[in-house]
Amino acid sequence: MLKNGDRIQADFAQERNGRVEYTIGDNTMTIPKSIVVRIEKGPVIPPSPAPVTSTAGNEAPPVHPEMATSGDLVARVIRNGAVDAAALRMIESENNAVQSAAANSIAANFEEKRRNYSAAARYLQAALVFLPDHGVLLENYAAVLLKLGKLEEALFRAQLAVKASPQSADAYLLLGYAYYKNDHDREAIAALKRSMQLRPDEWTRQLIDKVERESRTEADFRQQESSHFTLRYEGAQAADTLRTQVLDALESDYRDLSNHLGVTPKNIYVSLYTDEAFFDVTHAAGWTAALNDGKIRIPISGVTEVTQEMSQVLRHELTHSFVAQITHNHAPSWLNEGIAQLEQGMTTGEIGPRLAALYVSGRQIPLNQLEGEFQSYSSMEASVAYAESLAAAEYIHATYGMSDLARLLQRLGEGQSVESALRSTIHAGYAELEVEMTNYLKKNYGS
């Protein structure tokens with residue numbers, strides 16, 4: 001605890017020569033003892049076996065071009081914080097194609113900013129009826145379709161957008177990303193490089209680097225398909241038996257998860273790597289055992305069959321694909337990782353007493369600070385983050401059932417904030433949830 005009221009949560013701390021030395025992960029730092037009120041000791045969740053993770057690599061590009069409109073038209077379409085459907089129909093009845101398209105574009109932009117992508121797609125589809133070759137409308141439609149996971153249709157619309165606006169960096173960026181999501185790396189790189197020529201951009205440069213790393217690594221990979229999966233692998237590293245077992249396990253998990261979560265994702269790509277190739281492609285933290293960045297990536301060095309541990313990893317990673325489909329990639333990491341751990345069969349049993357002590361002492365990481373990715377965390381920090389995520393998902397599941405966990409994801413997919421989604425499902429925001437989790441852990445594991 002510092003004198004200004006801040007806290008530093010460290011793995012280890014000690015006083016030495018008038019300074020406080022503390023360690024977070026692999027880093028050791030010091031601060032003057034004079035600014036420290038006290039050093040508090042609390043329970044630490046030890047590192048669990050290499051956590052699996054998802055990353056933000058499946059986020060659609062940050063593109064949001066808007067069709068030119070007037071303030072008067074905006075005021076007609078958006079009233080009292082919502083799209084006025086009657087006004088929209090009236091505008092369309094005035095038989096002005098440009099105005100009708102612009103009005104629907106306004107409605108689409110409004111819904112997109114609220115992350116209600118299904119509604120945004122409907123309005124953009126309506127706008128394109130009036131102006132079918134309008135570049136900005138096609139770009140927006142392609143971007144929304146990508147967020148909805150409609151990858152083949154998004155690619156088609158992005159191709160039309162480039163044809164309509166051949167000097168648009170945004171159009172080429174969307175085209176490149178759509179090619180990548182449809183597993184056409186060579187075409188993706190060409191389109192992304194054209195976007196960079198038209199307008200240099202750091203996000204695009206990083207995506208090019210990512211696709212090129214993946215393309216180099218998988219240049220000689222072979223491919224095997226099942227009903228819902230495309231499996232890519234290096235021939236020398238993945239025996240026939242292992243590949244068959246991987247696909248069989250994934251198909252079985254797919255059926256279970258479809259029943260649990262009520263969606264059926266398409267175009268799921270899975271890549272099997274050596275350990276070295278896995279980290280070369282993903283640049284993941286060293287504690288990572290597998291990863292889902294829109295494609296499931298599994299290191300398999302030395303693995304000849306699907307063990308129980310590997311089966312759990314596959315199910316965990318596949319769960320992330322289902323969560324992404326439902327929420328359009330807007331699930332907080334604590335919920336995403338918590339549900340994935342539940343689905344792989346984990347419980348708080350072994351770590352429950354330490355979690356209870358952590359929460360009772362008030363030294364847990366607040367859930368609202370666990371919304372972002374865990375990849376920047378040290379191994380120790382990641383272990384605590386995953387443990388708390390599991391506890392939160394387990395508590396909601398035990399108290400309200402799997403149906404409310406699924407509804408929580410659906411609310412997020414409809415554009416609600418995490419706080420609103422929590423209140424509309426379990427009738428408790430972050431603050432109440434933390435209290436209820438503390439009571440749950442105390443009841444089950446003591447303080």
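**Exercise 1. Find out how the side chains of Asp-240 and Arg-243 meet in this predicted model, and decide whether each residue is buried or exposed.**

*Step 1.* Start with the contact itself. The side chains of Asp-240 and Arg-243 form a salt bridge, with 2.6 Å from N to O.

*Step 2.* Now place the two residues. Both belong to helix H10 (residues 240-261), and they sit three residues apart, about one turn of the helix.

*Step 3.* Check the accessible areas. Asp-240 has a relative accessible area of 53%, so this residue is exposed. Arg-243 has a relative accessible area of 10%, so this residue is buried.

**Exercise 2. Work out which parts of the chain are linked by the salt bridge of Asp-293 and Lys-210.**

*Step 1.* Look at the pair: a salt bridge joins the side chains of Asp-293 and Lys-210, at 2.4 Å from N to O.

*Step 2.* Locate each partner. Asp-293 is in the loop between strand S10 (291-292) and strand S11 (296-299), while Lys-210 is in helix H9 (residues 202-217). The two are 83 residues apart, and the pair links distant parts of the chain.

**Exercise 3. Explain why the pair of Glu-214 and Lys-295 ties together parts that are 81 residues apart in sequence.**

*Step 1.* The side chains of Glu-214 and Lys-295 meet in a salt bridge, with 3.0 Å from N to O.

*Step 2.* Glu-214 and Lys-295 are both buried.

*Step 3.* Step back to the wider picture. Glu-214 and Lys-295 belong to a network of salt bridges that also links Asp-183, Lys-210, Glu-218, Arg-232, Asp-293 and Arg-297. In the whole structure, a search finds 23 salt bridges.

**Exercise 4. Describe how helices H3 and H4 are arranged relative to each other.**

*Step 1.* Two packed helices are described by the angle between their axes and the distance between the axes.

*Step 2.* The axes of H3 (residues 97-113) and H4 (residues 117-130) come within 8 Å and cross at roughly 170°. Angles over 145 degrees count as roughly antiparallel, and H3 and H4 are therefore roughly antiparallel.

*Step 3.* See who meets whom. Residues of H3 including Ala-97, Ala-101 and Ala-108 meet residues of H4, among them Tyr-123, Leu-124 and Phe-130. The contact has twelve nonpolar, three polar and two charged residues.

Notes. Residues are numbered from 1 along each chain as its sequence is written. This is a predicted model: local features need pLDDT of at least 70, side-chain atom pairs count only at pLDDT 80 or more; totals for chains, interfaces and linings use all residues. Side-chain values use heavy atoms; hydrogens and water are left out. A salt bridge is a side-chain nitrogen of Lys or Arg within 4 Å of a carboxyl oxygen of Asp or Glu. Helices (H or I, at least four residues) and strands (E, at least two) are DSSP runs, numbered from the N terminus. Buried means under 20% relative accessible area, exposed over 50%, partly exposed in between (1.4 Å probe, protein chains only). Axes are lines fitted to C-alpha atoms, for helices over the stretch in contact, and angles run from 0 to 180 degrees between N-to-C directions. Angles under 35 degrees count as roughly parallel, over 145 as roughly antiparallel, 65 to 115 as roughly perpendicular and the rest as oblique. Contact means heavy atoms within 4.5 Å. Ala, Val, Leu, Ile, Met, Phe, Trp, Tyr, Cys and Pro count as nonpolar, Asp, Glu, Lys and Arg as charged, and the others, Gly among them, as polar.
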